[in-house]
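Look over the sequence and the structure before reading on.

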Amino acid sequence: YLIGGFKNGSKMNDVYRLIQAGVTFTWELLPVAPTSLSPNPRSSFGACLASDTSFYLFGGSGDNNVRYNDMWEFDGTQWTLLSAGNTIEDEPSEIPL
């Protein structure tokens with residue numbers, strides 16, 4: 001899966017899936033159910049593949065340096081908000097060595 005990207009300087013919220021057929025690879029833009037909530041476009045997020053058809057997305061940075069603290073699941077057709085954490089306002093604390 002490939003999530004997001006930039007177009008004309010704006011963050012995108014697109015989801016692509018890589019399709020392999022023999023030695024040929026193509027990217028497929030996945031349609032998201034129109035009634036589905038979806039995460040705001042972001043960069044610098046964490047993502048983890050859960051199965052061939054689903055993945056999780058956590059946190060990231062949005063427009064105007066908003067930092068997200070939310071957890072989403074994408075099941076191949078729609079997004080589900082698993083945890084609606086508040087945005088992170090403070091700088092992360094450093095761990096002493």
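## Terms and model

In what follows, Ala, Val, Leu, Ile, Met, Phe, Trp, Tyr, Cys and Pro count as nonpolar, Asp, Glu, Lys and Arg as charged, and the others, Gly among them, as polar.

The model is predicted, so local features need pLDDT of at least 70 and side-chain atom pairs count only at pLDDT 80 or more, while totals for chains, interfaces and linings use all residues. Residues are numbered from 1 along each chain as its sequence is written, and side-chain values use heavy atoms, with hydrogens and water left out.

## The cavity

Rolling a probe the size of a water molecule over the atoms shows where empty space is left. Here a cavity is a set of points, on a 1 Å grid over the protein atoms alone, where a 1.4 Å probe fits but cannot get out; its lining residues have an atom within 4 Å of a point. Grid points are joined across faces, edges and corners, and a volume is the space filled by probe spheres set on the points.

The structure has one cavity of 30 Å³ or more. The largest cavity holds about 40 Å³ of space. Its lining consists of six nonpolar, three polar and one charged residues. Among the lining residues are Ile3, Met12, Asn13, Pro41, Arg42 and Leu57.

## The salt bridges

Side chains of opposite charge can pair when their charged atoms come close. A salt bridge is counted when a side-chain nitrogen of Lys or Arg is within 4 Å of a carboxyl oxygen of Asp or Glu. The whole structure has two of them.

Arg42, one of the residues lining the largest cavity, forms a salt bridge with Asp70, with the closest N and O atoms 2.7 Å apart. Arg42 is in the loop between β5 and β6 (46-49), and Asp70 is in strand β8 (residues 67-74), 28 residues apart. Both Arg42 and Asp70 are buried (under 20% relative accessible area, with exposed over 50% and partly exposed in between, using a 1.4 Å probe and protein chains only).

In the other salt bridge, Glu28 pairs with Arg17, and the closest N and O atoms are 2.6 Å apart. This pair links strand β5 (residues 24-29) to strand β4 (residues 15-21). Glu28 is partly exposed because its relative accessibility is 30%; Arg17 is partly exposed at 26%.

## The sheet

Strands are DSSP runs of E with at least two residues, numbered from the N terminus, and two strands pair if DSSP finds at least two bridges between them. Three strands form an open antiparallel sheet in the order β1-β4-β5. β1 (2-3) and β5 are at the edges, each with a single partner strand, so one side of each has no neighbour in the sheet.

Two bridges join β1 to β4. Leu2 has Tyr16 as its bridge partner in β4.

Notes:
Helices (H or I, at least four residues) and strands (E, at least two) are DSSP runs, numbered from the N terminus. On a 1 Å grid over the protein atoms alone, a cavity is a set of points where a 1.4 Å probe fits but cannot get out, and a pocket is an open set with protein on both sides within 12 Å along at least five of seven lines; lining residues have an atom within 4 Å of a point.
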